[in-house]
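Subject: Structure handover

Hello,

Here is the structure I promised to pass on. Please open it next to this email and follow along.

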Amino acid sequence: MMSLLAVEVPYWGQSLLRVLGGIVAVLLPAGTIVYVFLFKMMSFMQSRLGPMEAGPYGSLQLVAEVGKWLQKEDIIPQRADPRIFRMAPIVVLASTFLLVAVVPFGPDAWFTNFEVGIFYALAVSSLSVLGILMAGWASANKYSLLGGLRAAGQLIAYELPMVLAVIGVVIQAETMNLQKIVVAQNSGEIFGFSGLGNPYVLTQFVGFIIFMIAIQAELTQAPFDMPIAESELVSGYMTEYSGFRFLMFFIGEFATAGVFAMITSVLFLGGWGVPFAWFGWSDIDSVANWMNFVGPLIMFTKMMLIVFIIMWVRFSSPRFREDQLQRFAWKVLIPVSLGNIAITSIFKVVM
Amino acid sequence: MIAVELFTAQNIGFAVISLLMIVAALRVVTTSNVVHAALWLVVVLSGAAAQYVLLAAEFVAVTQVLVYIGAVMVLFLFGTMLTRARIGTERDLNNSYRLLGIPVAGLLFAAMAIAIVSSFGDEELPGEPRLIGVPEISDQIFGPYLLPFWALSFVLLAAIIGAIVLARKD
């Protein structure tokens, strides 16, 4: 039973709170990421100021941008397949909302406490490929189709190392439930020292690096932005989209970056928790109620840290060629992650 | 009494999902566009995943999404889009043997129905579905069912090697 500030919330109230929370957990990070990283950090890295006019320090620029997109004409190409064309951005955005459903934000602040949580997250994240393929095909444009096909090939190739990197964490935590993975990290210890818990970024460092590379590719951020390579494909599968539908793809891109960063922080950085030894907690039931409010903030901080790394790599690396990209996934990442699984399981059995 | 038992939440959910699956399955074979057929097949397969959730088989449901929708259907769409997916209707999708499909499908349905009825009969499912955890499933796979699991892995290995042999240029 969830209780907030010692008030018992009825079941329908909890469900309503969770739906609203899910929308906030997707849209708020997306907006913050676009403003802080895409507008400001990229400008500073390129020795310019970025938006400065709208609001103090350009902080209302996002509102202006969204207003601009909303009033644009909704164009569907004449030879396109209109139904599929309209459905595609919804599928992409829906996969993001499905993804956030298993992310825990506090001891009671979760949307669903799904037993096979991380497995579910990996499964629904692959749904966005479907939307991208639909968008590429339905646009009736060779650039779009090529972009969609490139995206599909890339996402399939990099999903495998991502799953394999997660298996190391699952072996170490002995569970697929994201909430229990958080607890396992914060109540764990490294060689008898419990002041830091056991964040898997330390004990699963190889897995962490593979996972970060794989999500960079899953999010099609540079250096893995072959599907939307603007110098050769205009804008890939998004070429024909305008106005509100383009906005949905745009939100989907950055919201998915945020949600993947949340999942990374749950898997490798200890999620919403602080090391339980600090406050003398022993398990999930003894965690204080105020963690339901502090937890989301900790989570948000860790998410911003991960997104910072993703964006940092994005703004400072040149694009991979298509064959380099595939070769890197199949010949480097997959063998390394298989080795990581083998070593992790040996340690798990021995120790 | 039976009428009351019939309208439980599980049954209504089952009916809605299966109706959706049947409509989608019919559209797979009647639609005149390859990509539309593949997308209707996605609806059928996600319906199957939803049925697994209703049966409290979370792990199987998620595997269904990961394998069939995330991988098989994406490869399917990838293949058709790369080769012959035109927008609009295609006339030559149906061939002259299509009426033969109806008796074959009927026969298959009869065989499956007989198999299910004869092996379960009037056995009733427990009212509260029991959630089976991942550890129990893996204990079963790597315990009593290890040999079939290995056999399946060899089938997949053979398929992979076959694909490589076919795709090699020399």
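A residue counts as buried if 20 or more other C-beta atoms lie within 10 Å of its own, as exposed if 12 or fewer do, and as partly exposed in between. Keep in mind that this is a predicted model.

Start with A:Thr32. It sits in helix H1 of chain A, which covers residues 11–45. A:Thr32 has 17 C-beta neighbours inside 10 Å, so it counts as partly exposed. Now find A:Phe260. Along the chain, A:Thr32 and A:Phe260 are 228 residues apart.

Next, go to A:Tyr241. Is A:Tyr241 buried or exposed? It has 23 C-beta neighbours inside 10 Å, so it counts as buried. Its place is in a loop, between helix H10 (230–233) and helix H11 (243–268) of chain A. Leave aside the neighbours within four places in sequence, and A:Tyr241 is in contact with A:Pro89, A:Phe246 and A:Phe249.

One more stop in chain A is helix H6, residues 142–173. It has 32 residues, so at 1.5 Å a residue it should span 46 Å. Its end C-alpha atoms are 46 Å apart, which agrees. Just after H6(A) comes A:Glu174, with a positive phi of about 60°.

Now chain B. It has seven helices and zero strands. Its C-alpha trace spans about 60 × 40 × 25 Å along the principal axes. The radius of gyration is 20 Å, while a compact globule of 170 residues would have one near 15 Å. Of the 170 residues, 13% count as buried. Take the contacts in chain B with a separation of 6 or more: 59% of them join residues 24 or more positions apart.

How many of its residues are buried? The number is zero, so H7(B) lies largely in the open.

Then look at H3(B) and H4(B). Their axes are 8 Å apart and the packing angle is about 175°. An angle over 145 degrees counts as roughly antiparallel. The two helices are therefore roughly antiparallel to each other.

Last, see where the chains touch. Here 20 residues of chain B are in contact with 21 residues of chain A. Which elements of chain B give two or more residues to this side? They are helix H3 (34–54) and helix H4 (58–83). The largest share comes from H4(B), with 14 residues. By class, the side of chain B that touches chain A has 17 nonpolar, two polar and one charged residues.

Best wishes

Technical notes
Residues numbered from 1 in each chain as written. Chains lettered and ligands numbered in written order. Predicted model: local features only at pLDDT ≥ 70, side-chain atom pairs only at ≥ 80, totals over all residues. Helix = DSSP H or I, 4+ residues; strand = E, 2+ residues; numbered from the N terminus. Rg over C-alpha atoms; globule rule 2.2 N^0.38 Å. Contact = placed C-beta atoms within 7 Å. Nonpolar A, V, L, I, M, F, W, Y, C, P; charged D, E, K, R; others polar. Axes fitted to C-alpha atoms, helices over the stretch in contact; angles between N-to-C directions. Parallel < 35°, antiparallel > 145°, perpendicular 65-115°, else oblique. Expected span 1.5 Å × (residues − 1).
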